[in-house]
Amino acid sequence: MRLHLSVPLLVPHKTETEVKLGQYVVPKDTQVLVNAWSIARDPRYWDNPLKFKPERFLGNEIDYKGKHFEFIPFGSGRRICPGAPLAHRVVSLMVASFVYHFEWKLPHGKEEIDMNDIFGLTLLRATLLLATPVPFK
Ligand code: HEM
């Protein structure tokens, strides 16, 4: 949800008033695309940003509910994803079931998965994922 956001560029939002943002002035009625993907990999906010380290979320307040702008996989504010509570439950349950019930094997003795993305309106894998589930006995 951080390194490979489903929606890397948050759908166009519009400024209701003129806004001063850092050294820029954004006029009223400007369409704004928020690059959540880049923010989620910015070394100013993340220690060793390209490393998958889920435990980085333990012991701090950062969550996905749109209040911590360094991590906004569901967007933020009035247009935040209304399906987030459902997605949270379904994705957690799905991933937990996958790792609890199966050992995952990669083809041809491969040890690493290519985690490169193709940037678009939604983020796609650069190469298809092929992994075989072997049920735990
Ligand atoms: C992991 C799953 C999901 C992710 C990562 C996700 C992410 C997002 C993001 C980033 C936005 C744009 C928010 C913004 O512009 O600030 C959005 C909007 C939206 N999402 Fe989701 N979403 C997910 C699942 C769902 C589900 C399960 C539903 C419905 C059952 C849903 C319904 C919507 C709708 C209706 C909007 C448009 C809200 C609006 O523009 O007012 N999403 N989602």
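Tutor: What follows sets computed values against cut-offs. This is a predicted model, where local features need pLDDT of at least 70, side-chain atom pairs count only at pLDDT 80 or more, and totals for chains, interfaces and linings use all residues. Residues are numbered from 1 along each chain as its sequence is written, and side-chain values use heavy atoms, with hydrogens and water left out.

Student: Why is aspartate 42 called buried?

Tutor: Buried means under 20% relative accessible area, exposed over 50%, and partly exposed in between (1.4 Å probe, protein chains only). Aspartate 42 has 13% relative accessibility, so aspartate 42 counts as buried.

Student: What makes arginine 44 exposed?

Tutor: Its relative accessibility is 67%, so arginine 44 counts as exposed.

Student: How do you know that the side chains of aspartate 42 and arginine 44 meet in a salt bridge?

Tutor: A salt bridge needs a side-chain nitrogen of Lys or Arg within 4 Å of a carboxyl oxygen of Asp or Glu. For aspartate 42 and arginine 44 the N to O distance is 2.8 Å. The pair meets the rule. Side chains of opposite charge can pair when their charged atoms come close.

Student: How many salt bridges does this rule give?

Tutor: The count comes to 5. Among them is aspartate 47 with lysine 53, at 3.5 Å, N to O. Aspartate 47 is exposed at 57%, whereas lysine 53 is partly exposed at 23%.

Student: Why is aspartate 29 called partly exposed?

Tutor: Its relative accessibility is 45%, so aspartate 29 falls in the partly exposed class.

Student: How do you know that arginine 56 has no salt bridge?

Tutor: The nearest side chain of opposite charge is aspartate 47, 5.4 Å away. Lys and Arg count as positive, Asp and Glu as negative; His and the chain ends are not counted.

Student: What lies by the polar atoms of the arginine 56 side chain?

Tutor: The backbone oxygen of aspartate 47 lies 2.7 Å from one polar atom. The backbone oxygen of asparagine 48 lies 3.1 Å from a polar atom of that side chain. Asparagine 48 has a positive phi, near 45 degrees.

Student: Where is arginine 2, and which side chain of opposite charge is nearest?

Tutor: Arginine 2 lies in the segment before β1 (9–14). It is buried and has no salt bridge; aspartate 47 is nearest, at 9.6 Å. The backbone oxygen of alanine 40 lies 3.0 Å from a polar atom of the arginine 2 side chain.

Student: What makes Cys81 a donor to the iron atom of the ligand?

Tutor: Donors are N, O and S atoms within 2.8 Å of the metal (3.2 Å for Na, K and Ca); water is not among the atoms, so sites may look incomplete. Cys81 (SG) is 2.2 Å away and is the single donor from the protein. UniProt, in an unreviewed entry, places the feature "binding site" at Cys81.

Key: Helix = DSSP H or I, 4+ residues; strand = E, 2+ residues; numbered from the N terminus. Polar contact = N/O pair within 3.5 Å; in protein donor to acceptor, adjacent residues only side chain to side chain. UniProt positions renumbered as here; feature names shortened; annotations may be inferred.
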